[in-house]
Amino acid sequence: MNLLAERWRQHPGLGGVWRVIATTTFRIAFASGLLFSLTSIGVLSMVRWSTCRLLDERADRAVEAEIDNFEQVFQQAGLETVQREVTERLSSLQARERVYLLGNADGAILAGNLDRWPDAEIHQGKFLVFDPTPWSDDDALQARGAILPLGNTGVRLLVGRLQIERLAFEQVVDRSIALSAGAGLVLGVLIGLFMARRTLSRLDAINRVTATTLRGDLAGRVRLTGSGDEFDQLAGNVNVMMDRIDRLVGAMQGVTRNIAHDLRTPLTRLRNRLEVALIAQCTSQPVAIEQTLTAALGDIDRLLATFAALLSIARIEGRPSGQGVALVPLAKVIDDAVDLYQPLAEDKGLLLTVGCHDADLVVNGDAHLVFQALVNLFDNAVKYCRSGDRITVSATRRDDGVELTVADNGPGIPEARRQDVLEPFVRLDADDRRVPGAGLGLSLVAAVAEFHRATLVLKDNQPGLKVVIGFPCDR
């Protein structure tokens, strides 16, 4: 069987048919058709059995009524009257369905439309089921009747009914069973083939896109039909996944380029300083050696800080969104972050203030990550604002959640670049290179927002920058 199936799959003309038949959709449709057929057979068989039983009971009641009538005739008028009554009934219009046989103990036939006593099976104590042949040429036709002994004369009377209606009903039901079973199987196959081909065409489109992705082409997308069914939902999810993969790959390439660009300069500077320290050691200049090594340690610290920020972003992006989630009191997080950066802001002549916020505001999330995002926003604002500028943090309740806002009136970010600065190592211009940092602060804030399924929006504060993190309602 397996060899036959393998040859079928390999046949050039039948391979496509095998693909359709091998699908789960075809099997489900075929199984549904088979189940429909079996259900139809079961229901019609039950109807057949119950109806035939009613017809048998009706025939038995009619035979029993005639037996009682003939018994009364025999008791009142004798055997000859019974014989005459049988003959008269056979000549009536209803004789077509009636069977009579009046005979004595020697086997002689006195009256009736049977030429011999039939071989009969007794049912329910007194009723007989027998073959009326040769009275009827239909082998399927049966008769039901009963035998009445007529006193001590040795004569017996067989009274029966041909079950013509029962036979006709059985034939109709049997044809209906065969037709419904065949129709169910045929419809199951046809519907299965149609649905399986349709399913395969939708899945093939998805498989083609995933295959091109495996070959390195990230531009492919699955076309949506607009039906909104499960395949459209799957295609939409695949497209969203492809967009995310495309963004991640592009971001990874950008990060690689930026790492090479941003780390090359400090590493080169570090090498030069170590070389200067080596020369100073040779010329016995301890002060120069100390200054050079101190500067080199500063470069190493900045490099370590850069890698620490990259590791933090990687950990946040690789962490499941529901892990470590708890109720975070925003008021306490804001107060802790302000206490930490208040001295730095005052040293630079900045005013760090807390705007309106509800002391009872809470969000579902990680308190450490929310604090880290807030600290990074303060750090950026302190770096780029000038003396006399103001930095304000506030938290407000909205219908769809809670908004955490950090606003300043510093130089701000042009609208065209606000999305770019969320990528790692992206800084606005060459002047930013003179400001300490690696361009990872807002990238970490974006990673924290994504972990919390929050929105991150950069707005114009006129002048300055306003960063708004919109936390959703309780999940």
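F30, L34, L38 and L185 together make a nonpolar surface patch of about 310 Å². Patches here take residues with over 30% relative accessible area and no salt bridge, joining nonpolar side chains (Val, Leu, Ile, Met, Phe, Trp, Tyr) within 5 Å and like charges within 9 Å. A salt bridge is a side-chain nitrogen of Lys or Arg within 4 Å of a carboxyl oxygen of Asp or Glu, and the areas are Shrake-Rupley values with a 1.4 Å probe, only the protein chains shown counting as cover for residues.

This is a predicted model, with local features kept at pLDDT of at least 70 and side-chain atom pairs at pLDDT 80 or more, while totals for chains, interfaces and linings use all residues. Residues are numbered from 1 along each chain as its sequence is written, and side-chain values use heavy atoms, leaving out hydrogens and water.

Helix 3 (residues 24-77) is the top contributor to the nonpolar patch, giving three residues; helices are DSSP runs (H or I, at least four residues), numbered from the N terminus. L34 sits in helix 3 and, at 35% relative accessible area, is partly exposed, meaning between the buried (under 20%) and exposed (over 50%) classes, with a 1.4 Å probe and protein chains only.

Helix 10 (residues 441-451) is mostly covered, with nine of its 11 residues buried. Among them are L442, L444, V445, V448 and F451. After helix 10 comes R453, with a positive phi near 55°.

As for cysteines, C52 is buried at 3% relative accessible area, and C385 also counts as buried, at 3%. The structure holds zero disulfides (pairs of cysteine sulfur atoms within 2.5 Å).

Note on methods
Helices (H or I, at least four residues) and strands (E, at least two) are DSSP runs, numbered from the N terminus.
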